[in-house]
Amino acid sequence: MKEAKLHIEKDFEISHTDDRLFSSFLEHLGRAIYTGIYEPGHPEADEDGFRTDVLKLVRELHVDHVRYPGGNFLSGYDWKDGIGPKKDRPRRLDLAWKTIESNQFGIDEFYDWSRKAGTKIMASVNMGTGTPKDAGEMVEYCNFPGGTYWSDLRAKNGHKDPMNIHLWCIGNEMDGPWQICHLDADDYGKKAREAAKIMKWVDPSIEVVVCGSSSREMPTFPEWDRKVMEYTYEHADYLSMHRYYENQGNDLDFLASFVDMDSFIRTLAATADYVKAEKRGKKDFKFSFDEWNIWYQSKDEPHDWMEAPSILEDNYSLLDALVFSGLGMTLLNHADRIKIACLAQLVNVIAPISTQKGGIAIRQTIFYPFRYLSQYGRGTVLQPVVKTPKIETKHGETPLLYTTAVHGDDDTVTLFCLNIGDEEMKVDIDLASFGSLTMTEHLCMDGDDLNAKNTFDNPNRVVPREIAPVAGTFKTCSVLLPKQSWNMLRFKVEK
Ligand code: AHR
């Protein structure tokens, strides 16, 4: 058995979490929208064609914002195709995913869906084929109170009151050569700056996110980020970060993915600090990690032009859920710099929720670590002092025990603990700075088959299990974490 020690000090605060850290993403891609959240005629569809079984699962995830409508799709999308009477909307080629877009769902439908889901909108504007003028017009359509062409058209289309969308992404992954009308950092930096100016002139209350590197493996990383922050320092609020992980064949390296994500964030924080110094500025550029997940990109298959094809529908294993939990914890451990994070994506496409066309909706394995992080990860993130065995992985020195500690506003303490080792681990926990505590819950995801998955035939094959909490009132305690396991330990501070 391995042994580790955790010392949690109440005053070692990293930051209070921003609710937007628990956000997600829906793109016009595959079956995310069509037969995902929107399926008129489905037995569980409501009067708007929204699947109520899916809405229920989205609410269970406590999702804050949902980024929409893309993604790579965004860079060829004209938002004006998706408004007005549905029968008049054009069917278009989507060049990003080689599919056919029916435009039966657009910003008005997404606004109605968001209200039912209890989520807020993180809208994105096209910086590929789109112009800063189109971007400003979309802000006018969504947010301007009335008495102008676009705001009156919104009222005519059923939304008299402004949508008040506060958060806007200016383009998507514009550093990537795969992007429709990809730009270099200088061209994108100038275009994004001008778009931000126009959008904020239309609605000065909005916040905007500019494109950072689409992964740390891009040859232009981190030069791209430096230049984009230099061009937009005075006008943008956040720089985006994207990162996906895939098992390359070594489970331990895969489990250690959080080390890579941590170093990606540190590098960009340093880059942002450099730009701040260069600008003699006061503002710390903050980050929007608006795409993160596991994605078996190498297994994606080519397909013909189709409407809503089943693409990027990864079926996640227990191992994927463990890796995923480490990524989510890393985001919280950087809550001082990362203010927004979007699990990419939400339904069917690399997602925690999967649907059958005309059938049921299920929770994938990754649903659970997100659900509990989102429910109990809100509060003040603390910097734990950790003594843990370490190993070498392809990402460098890697702790076997990875932890996130959150002091809830309701005077609870929640510890998320990932044991990536192949042995059980005894962890001594010192919580004395809180006074006396009781332990209310120990949830765990583990199992002998790391490849186990939830399927439509067996949707509850991988679910968290309860372990008996430590009894009594205490200042310190010891817990056992099974080999290769995700754990959530919850404590209540006694008065
Ligand atoms: O989320 C899937 C795709 O990943 C998005 O469309 C794109 O932004 C990223 O490359």
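Where is Pro222 found? Select it and you land in the loop between strand 9 (207-210) and helix 6 (223-232). Helices (H or I, at least four residues) and strands (E, at least two) are DSSP runs here, numbered from the N terminus. A cis peptide bond joins Phe221 and Pro222, with omega about 0°.

A quick note before moving on: this is a predicted model, where local features need pLDDT of at least 70 and side-chain atom pairs count only at pLDDT 80 or more, while totals for chains, interfaces and linings use all residues. Residues are numbered from 1 along each chain as its sequence is written, and side-chain values use heavy atoms, with hydrogens and water left out.

Next, pick Tyr68 and Pro69: the peptide bond from Tyr68 to Pro69 is cis too, with omega near 5°. Pro69 sits in the loop between strand 4 (65-68) and strand 5 (92-94).

Now click on Asn164, in the loop between helix 4 and strand 8 (167-170). Its phi is positive, near 50°, and Asn164 is not a glycine. Most residues other than glycine have a negative phi, and most peptide bonds are trans.

Time for the ligand. Show the residues around it (a heavy atom within 4 Å); among them are Phe25, Trp97, Asn172, Tyr244 and Gln345. Then look for polar contacts (pairs of N or O atoms within 3.5 Å):

- Tyr244: a side-chain N or O atom is 2.8 Å from an oxygen atom of the ligand.
- Gln345: a polar side-chain atom lies 2.9 Å from a ligand oxygen atom.
- Asn172: a polar side-chain atom lies 3.0 Å from a ligand oxygen atom.

Now for some helices. Select helix 3 (residues 132-143) and helix 4 (residues 149-156): their axes (lines fitted to C-alpha atoms over the stretch in contact, with angles from 0 to 180 degrees between N-to-C directions) come within 7 Å and cross at roughly 45°. Helix 3 and helix 4 are therefore oblique to each other (under 35 degrees counts as roughly parallel, over 145 as roughly antiparallel, 65 to 115 as roughly perpendicular and the rest as oblique). In the contact (heavy atoms within 4.5 Å), the residues of helix 3 include Tyr141, and those of helix 4 include Trp150.

Last stop: helix 8 (residues 257-278) and helix 9 (residues 318-333), whose axes come within 8 Å and cross at roughly 25°. Helix 8 and helix 9 are therefore roughly parallel to each other.

Terms used: A polar contact is a pair of N or O atoms within 3.5 Å; within protein, one must be able to donate a hydrogen and the other to accept it, and residues adjacent in sequence count only if both atoms are side-chain atoms.
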